[in-house]
Amino acid sequence: MKKIYILWLRQIKRYLRSKSRIVGSLAQPLLFLLAMGYGFGSVYQKAGEGNYLNFLAPGIIGMSILFTSVFSGMEVIWDRQFGFLKETLVAPMSRLSIMIGRTLGGATVATLQGVIVMFIAMLFGFHPVSWLMIIPAILIMFLVSLLFTSLGTMIASLLDDMQGFQLIMNFLVMPLFFLSGALFPLDGLPAALAIIAQIDPLSYGIDALRALLIGAGHYGLTMDFIVLGAVTVLFWSLGSYFFRKIQI
Amino acid sequence: MISVKNLTKKFDGFTAVDNISFEVKEGEIFAFLGPNGAGKSTTIKMLTTLLKPTSGEMDLNGHDPVRESDEARRSFGIVFQDPSLDDDLTAYENMEFHGVLYDVPDKLRKERIEYLLKFVELWERRDNLVKEFSGGMKRRLEIARGLLHHPKIFFLDEPTLGLDPQTRNALWAHLRELNKNEKTTIFFSTHYMEEAERIADRIAVIDHGKIIASGTADDLKKQTNTNSLEDAFLALTGKSIREETVGSMDHFRAMHRMHTNNKR
């Protein structure tokens, strides 16, 4: 237990010490909120859908969680290249505990990032229907973080170096974001897009956040929760499986 | 203390380590020599549970690294060829991390960290981030860290690579002291022949995955009719220059080093 804690603590410390990483990873969500939130605001209003910034904010929270957690998971590659992974792999502990510690650490960092983005969105006019709902919303954020950190760890265990990173960003992370309904409502989509959004796990995370924060969900909270839980268990198991296979 | 029998490691058709056997006794200082790509690091990785052997048997302090990996892991400390510290943590935090992973109890951990950091003369710098350290300081910290759980066996894979003679001397002085006081068995690989000759009780030379000679430095010189270990080594392994296969990871590391050096 203590070993898992120290692995977790290491990631929190690294995050809090890299001020440039914190600022850098907040710039993108901020840009999206400003440009899209204000830019499309009046069109959205005219279409009779209400306040676009309110609709967009959960999507942008989901986006920053997605990026941060996939990146945290992929830090395995980093540790491998700079040797630190060897230090943990020769220590008397199971690979499973290493995986648990890392994933929890990465997921905590991503959740923190999501919470910060939520508060920033509030500065720009985002207001949740009820303050009480922020607590379950943070739980959902953590679940989504866990899901994508596991995915990142899984990918990292299969890659040898950072060269595949760009590929993963363009062909996996970006589509996960753009096709998730982070930017547009899931109601009344063309059939093809609706199906794609349905197989994108991020859709359910953002949908759950919308259900809790602005009271407008699409799939329903129970469905969101079941899908997120199941996919997290799946990715986490796959991640642990591939992580165990790492040989240096 | 270390016993290896018919150990073999194959990577897709290429045999990196080919049916080697050797023994290292308790309290012995053992040098493992060989040209680039001879199989030194692969052997050390197998002994330290990072790689699974294709076949053969190993024993570390009575434990099999494959089947009883956790017990075997507690028996040894290691300094890898490449740095393996977390640059974004302080020296103290790196030590603390190691101590927790090896179940060193809180009070004992604090005492030992202080003792070891003083031993390698880094106590004053304990709260500095490791990224501010020089190569020699990092090596010293790695040695202190590797000793934190009082291992019976200490592996060092080219520990003095790229260090100046002063730092090298200081390192070996520390290690010899440890070997004398604690009876720690030391297993190291190096390219510096005079280092092996001066420090090691016994030497094994590996080439193309096979152990081609072993014994004291004098034995090897006698066997090859030469006057220095360097000549004996060349007589045994030939003079052709070996090309080490460079993986993309090495490229990446080299690039990173270049960049960080340029920044300084």
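**Close-up 1. Helices H2(A) and H4(A), which run roughly antiparallel to each other in this predicted model.** The axes of helix H2 (residues 19-39) of chain A and helix H4 of chain A come within 10 Å and cross at roughly 155°; because angles over 145 degrees count as roughly antiparallel, the pair is described in that way. H2(A) passes H4(A) in a right-handed crossing. On the side of H2(A), the contact is made by Ser25(A), Pro29(A), Phe32(A), Leu33(A), Met36(A) and Gly37(A), while H4(A) contributes Tyr52(A), Leu53(A), Leu56(A), Ile60(A), Met63(A), Ser64(A), Phe67(A) and Thr68(A). By class, this contact of H2(A) with H4(A) has 10 nonpolar and four polar residues, and no charged ones.

**Close-up 2. The crossing of helices H10(A) and H11(A), which is left-handed.** The axes of helix H10 (residues 201-213) and helix H11 (residues 221-244), both of chain A, come within 9 Å and cross at roughly 140°, and H10(A) is therefore oblique to H11(A). From H10(A), the residues in contact are Pro201(A), Tyr204(A), Gly205(A), Asp207(A), Ala208(A) and Ala211(A), and from H11(A) they are Leu221(A), Asp224(A), Phe225(A), Val227(A), Leu228(A) and Val231(A). The residues of this contact divide into nine nonpolar, one polar and two charged.

**Close-up 3. The largest nonpolar core, with 135 residues.** The members that touch the most other members are Ile60(A), Leu66(A) and Leu147(A) from chain A, together with Ala144(B), Phe155(B), Phe187(B) and Ile203(B) from chain B. Helix H4 (residues 52-81) of chain A gives the most to this core, with 16 residues. Leaving aside residues up to four places away in sequence, Leu66(A) touches Phe148(A), Val173(A), Leu176(A), Phe177(A) and Leu202(A).

**Close-up 4. Helix H1 of chain B, largely enclosed by the rest of the structure.** Eight of the eight residues of H1(B), which spans residues 40-47, are buried, so the helix is largely enclosed. These buried residues are Lys40(B), Ser41(B), Thr42(B), Thr43(B), Ile44(B), Lys45(B), Met46(B) and Leu47(B). H1(B) is followed by Thr49(B), whose phi is positive, near 70°.

**Close-up 5. The contact between chain A and chain B, seen through the side that chain B supplies.** The contact takes 25 residues from chain B and 23 residues from chain A. Helix H2 (69-75), helix H3 (91-101) and helix H10 (248-263) of chain B each supply at least two residues of the side that touches chain A, and H10(B) gives the most to that side, with four residues. By class, the side of chain B that touches chain A has 13 nonpolar, four polar and eight charged residues.

Terms used
Residues numbered from 1 in each chain as written. Chains lettered and ligands numbered in written order. Predicted model: local features only at pLDDT ≥ 70, side-chain atom pairs only at ≥ 80, totals over all residues. Core = buried A, V, L, I, M, F, W, Y, C linked by C-beta atoms within 7 Å. Buried ≥ 20, exposed ≤ 12 C-beta atoms within 10 Å, placed from the backbone. Contact = placed C-beta atoms within 7 Å. Nonpolar A, V, L, I, M, F, W, Y, C, P; charged D, E, K, R; others polar. Axes fitted to C-alpha atoms, helices over the stretch in contact; angles between N-to-C directions. Parallel < 35°, antiparallel > 145°, perpendicular 65-115°, else oblique. Left-handed = near helix turned anticlockwise from the far one by under 90°.
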